[in-house]
Amino acid sequence: MKLSVYNEIVEILPKYRSRRQLHQLTKMFPGICYCRISLGTIGSIFSQEYQKKMKRTHYKHKPFHVQKQYYEQFCAKAKKDKHIIISMANKMDLSPCMLARIILEQHLLHSGSLSASGDGMQHSSRNISSLLRNPHEIPDPDLAVEIQECVVADEHYGPIVDSIKRSIGVEYEKKLKEWCHKNGVDFLGEDQMRWKGYDKTPDIKLEVPIAVDGHVINWIESKASFGDEDCHEAYLQDQFWSYWNRFGPGLVIYWFGFVDELDIHRDKGILLSDHLPQDVAVLDLNL
């Protein structure tokens, strides 16, 4: 996807508040880029832009006195209203699960279940994450219903979204490994590499290099997301260059597409693609 098309999508996205509306957006782009952009691609960009917005505004909700105020607002409405956290989150333009975590933590602090400092806060983070995954374990039944509602409704954060992302990631990794088996490409998976003592592990390390588009490939990384500038730069620094330093050149598959202008490291040894290799040559190391 050209950067100009990506920028146009990003500019339009704030008009859409729900994934259910995004199918409308896929119909707009044949006239702009002469190809239909998939709903999966639009959805991935939508989620990434929402997460960026939450990171930009997180500082507003982080101070303890602000979180305490949110809890007091919740308590004032709890006796007479329902769907309180969802309503508050919508008015704040905040993720329901993020606000639910704040309310839950404040509730546990006020009830004396958690300490507000030291090791207690570390324990609280683990405990709160567990309660978000299992709202039925929250002692207050009314709050449990409110938290459960947020978990189910949130399209971007929370345990359900995390599970969906993990499942999609596993699905595409499986697709990559099946392609390797089908094409006779021997490889080591992440678990095998960790067992061998590698500290940096791409999804697959090829036992024998292959040639893709005239480039030698020693490893392949599967990303079930769209590759925009921010996420790609982070992956380069945290993962891709580390793989390159250890194993040589490799291929990154962004299954939901990427900004074309980011594919600038081919000569250095990092290729980008949005699909499995079409024409593959397995290198003969005996030559």
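Which residues do ring pairs link into a cluster?

1. The cluster consists of Trp 219, Tyr 235, Phe 240, Tyr 243, Tyr 254 and Phe 258. Rings of Phe, Tyr and Trp (its six-membered ring) are paired if their centres lie within 6.5 Å; planes under 30 degrees apart are stacked, over 60 edge-to-face, and the rest tilted. By this rule there are eleven aromatic pairs.

2. This is a predicted model, in which local features need pLDDT of at least 70 and side-chain atom pairs count only at pLDDT 80 or more, while totals for chains, interfaces and linings use all residues. Residues are numbered from 1 along each chain as its sequence is written, and side-chain values use heavy atoms, without hydrogens and water.

3. Trp 219 and Tyr 243 form an edge-to-face pair, at 5.2 Å centre to centre and 75° between the planes. Because Trp 219 lies in strand β3 (residues 215–223) and Tyr 243 in helix α12, this pair ties together parts that are 24 residues apart in sequence. Helices (H or I, at least four residues) and strands (E, at least two) are DSSP runs, numbered from the N terminus. Trp 219 is buried, at a relative accessible area of 0%, and Tyr 243 is buried at 4%. Here buried means under 20% relative accessible area, exposed over 50%, and partly exposed in between (1.4 Å probe, protein chains only).

4. The pair of Tyr 235 and Tyr 254 is tilted, because the ring centres are 6.5 Å apart and the planes are at 40°. Tyr 235 is partly exposed, at 23% relative accessibility, whereas Tyr 254 is buried at 0%. Lys 223 lies over the face of Tyr 235, at 4.0 Å from the ring centre; the criterion is NZ of Lys or CZ of Arg within 6 Å of the ring centre and within 35 degrees of the ring normal.

5. In helix α1 (residues 3–12), the buried residues are Val 5, Tyr 6, Ile 9 and Ile 12. They lie on the same side of α1 because they cover an arc of only 130° around the axis, taken from the directions from the helix axis to the C-beta atoms. The face turned away from this buried side carries the exposed residues Ser 4 and Glu 11.
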